[in-house]
Amino acid sequence: MKKRHLLLAITLLFSVCGQLKAQTVTPFFDQCTFEKFVELLKNPSVAEAENCRLSLVYTYEIEQSEEDEVGGSSAVYGWGIEKGQKLDYGYELTCTSPHACYFYYQEDTSRQAAMCFKDKADADRFFEKALQYGLVVMGNSYHIAEEKLPDGTVTVDSFSGYDIMAEITKPANDNEFHSGFYVISIYFFS
């Protein structure tokens, strides 16, 4: 009888833990559709980030110096992320969830962004959302069009007929700038 109760208790514990894990990340994925993410790319702001269930973590300004260093700015919006110690450029990021993620946006002489995930499965799931939304694939590269594609992802030999906003990469582990995260990089077209 004691073994039966122990097995029941263990089963309930794993069930509850599994539900808690699902509850912590599911709201982000339910609310952050790829359509909303594209709007965030078009207008990186607190309001658009909040539509994706991301909160402002920090902004950072780089002033142009007399040595002709290019000025610019960056912003980080996150879920399960807190601002840590100040670094040379920006701040250290501390995860408060194993499913933490953040959107990084930088603007100087060009614009670039990244969606970074602590969990590889979360990064893969987000990229799958992008494919379902509709990307333009040319060769080995993926691109986001200004408008949602009516038939989903397409493979093309030319961008003719597509108004391309940015290139997007598959998730990759980054041990340099976004250390410890699986990163989906976004490079904007002019």
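Ala172 lies in strand S11, which covers residues 172-174. The model is a predicted one. Ala172 is partly exposed, at 40% relative accessibility. Neighbours within four places in sequence aside, Ala172 is in contact with Phe181, Tyr182 and Val183. The C-alpha atom of Ala172 is separated by 9.9 Å from that of Phe117, although the two residues are 55 residues apart along the chain.

**Pockets**

Val183, one of the contacts of Ala172, also belongs to the lining of the second largest pocket.

At least two lining residues of the largest pocket come from each of S1, strand S2 (72-79), strand S4 (91-95) and strand S5 (101-107).

The lining of the second largest pocket consists of Tyr104, Gln106, Gln112, Ala113, Ala114, Asp174, Phe177, His178, Val183, Ser185 and Tyr187. Two or more of these residues are given by each of S5, strand S6 (111-117) and strand S12 (181-188).

**Cysteines**

The structure holds zero disulfides. For Cys95, the nearest cysteine sulfur is that of Cys101, 9.6 Å away. A disulfide requires the sulfur atoms to be within 2.5 Å, so Cys95 is in no disulfide. Cys116 is in no disulfide either; its nearest cysteine sulfur is again that of Cys101, at 9.1 Å. As for accessibility, Cys95 is partly exposed, with a relative accessible area of 30%, whereas Cys116 is buried at 0%.

Helix H2 spans residues 34-42, and its buried residues are Phe34, Phe37, Val38, Leu40 and Leu41. Viewed down the axis of H2, these buried residues fall within an arc of 155°, and therefore line one face of the helix. In general, an α-helix has 3.6 residues a turn, so residues three or four places apart point the same way.

Arg53 is found in the loop between helix H3 (46-51) and strand S1 (55-62). Arg53 has a positive phi of about 65° although it is not a glycine. With a relative accessible area of 33%, Arg53 is partly exposed.

Definitions and conventions
Residues numbered from 1 in each chain as written. Predicted model: local features only at pLDDT ≥ 70, side-chain atom pairs only at ≥ 80, totals over all residues. Heavy atoms only, no water. Buried < 20%, exposed > 50% of the residue type's maximum accessible area, 1.4 Å probe, protein only. Helix = DSSP H or I, 4+ residues; strand = E, 2+ residues; numbered from the N terminus. Arc of directions from axis to C-beta. Contact = heavy atoms within 4.5 Å. 1 Å grid on protein atoms, 1.4 Å probe; cavity = no way out; pocket = protein on both sides within 12 Å on 5 of 7 lines; lining within 4 Å.
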